[in-house]
Amino acid sequence: MTITQLYYVLAVAENQNFTKAAEKCFVTQPTLSMQIQKLEDQLGVQIFDRSKKPIELTEIGKKIVTQARNIVNESYRIQDIVDQQKGFIGGEFKLGIIPTIMPTLLPMFLKSFIKKHPKVKLKIEELTTEEIIERITEGHLDAAIAATPLENETIKERVLYFEPFVSYIPKSHRLHSNKKISVSDLDISDMLLLEDGHCFRDGVINLCKAFKNHTDDQFQLESGSIETLIKLSNEGLGMTLLPYLHTLDIKEKEKENLHHFNAPPPAREVSLIYHKNELKIQIIEALQDVISGIIRGAIAFQNVEIISPIPNK
């Protein structure tokens, strides 16, 4: 049994196709198939059900893949140990970022990080929290930036900052005349929200449910982007809540609709998250250092209330 064979097994399990897996591993399809067949012969079991289209794992194959993923990930740790000993920060690094953080935070730190660590090849994807958890667990992401806490025993979290909520209230809304508002002023029945799958949406719902007993079926308007929420609000269709960093780039005229909360303002916790195996930890620490340094000038860290993105928390 070799690490290479296990790596091939993981590639087929992910792609559900021997040809695609071979392309990903940069080997010929016969070579990959032969190595997997040798492993199956050695173990005396079938890892894949080749009669299915697409190819599926057998029951024992699912257990083998779980263990194979652990072994392959641990093998990568040897290179990590060498890199850390040499003080080397470089190589490919796959980073996921949730949609409500990506457009504001990424432009703030990307150029600085690339300049400081030119040997790191960042591959960045915009993903939902659910997708991020799945990909980190399966070893397809090295780290991610998401709203926390996630309460997932497989994932470690390093808090980067606390980002306050800011109310966006159009002139036609009942709360527009208030200079500042309280959480108790919020009524979820006249709020615009992001679509399901956004943890920021869950945070807003939890914030409102803490004071009013409303159910999800009262929502009339939902959108896939914060920019659309602002436009809908401008049309008088309701108020919304924005992450603080999004308020820095809105139009000057629209800033008249921003209303801050009374102290302490509710906020979300934003963290750098990664697998508990701590692979490529030197790059994770480099990211944390750059992001924390840049964000420090944009957000005050004290006197904020953290709102969990986990329902019923």
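Which residues are exposed on the other side of α3? Select P30 and D41: both are exposed there (over 50% relative accessible area; buried is under 20%, partly exposed in between, with a 1.4 Å probe and protein chains only).

Before going on, a word about what is on your screen. This is a predicted model, where local features need pLDDT of at least 70 and side-chain atom pairs count only at pLDDT 80 or more, while totals for chains, interfaces and linings use all residues. Numbering runs from 1 along each chain as its sequence is written, and side-chain values use heavy atoms, with hydrogens and water left out.

**Stop 1: helix α3.** Select residues 29-43, which make up the 15 residues of α3. Helices here are DSSP runs of H or I with at least four residues, strands are runs of E with at least two, and both are numbered from the N terminus. From first C-alpha to last, α3 reaches 21 Å, close to the expected 21 Å (1.5 Å times one less than the number of residues).

Now colour L32, S33, Q35, I36, L39 and E40, the buried residues of α3. They cover an arc of only 165 degrees around the axis, so they sit on the same side of α3; the arc is taken from the directions from the helix axis to the C-beta atoms. An α-helix has 3.6 residues a turn, so residues three or four places apart point the same way. Show α1 (3-15), α2 (18-25) and β1 (48-49) as well, since the buried residues of α3 pack against these elements (contact means heavy atoms within 4.5 Å).

**Stop 2: either end of α3.** Step to G44, which follows α3 and has a positive phi, near 75 degrees. Then go back to F26, in the loop between α2 and α3. Its phi is near 60 degrees, a positive value in a residue other than glycine, and F26 is exposed at 76% relative accessible area.

**Stop 3: two cis peptide bonds.** Zoom in on K53 and P54, joined by a cis peptide bond with omega about 0 degrees; P54 is in the loop between β1 and β2 (56-57). Another cis bond joins T148 and P149, with omega about 5 degrees. P149 belongs to the loop between β5 (143-148) and β6 (155-168). While there, click E151 in that loop: phi is near 55 degrees, positive although E151 is not glycine.

**Stop 4: F93.** Finish in strand β3 (residues 91-97), where F93 has its place. F93 is buried, at 0% relative accessible area. Its contacts beyond four places in sequence include V120, L122, A143 and I283. F93 and I283 are 190 residues apart in sequence but 7.8 Å apart in space, C-alpha to C-alpha.
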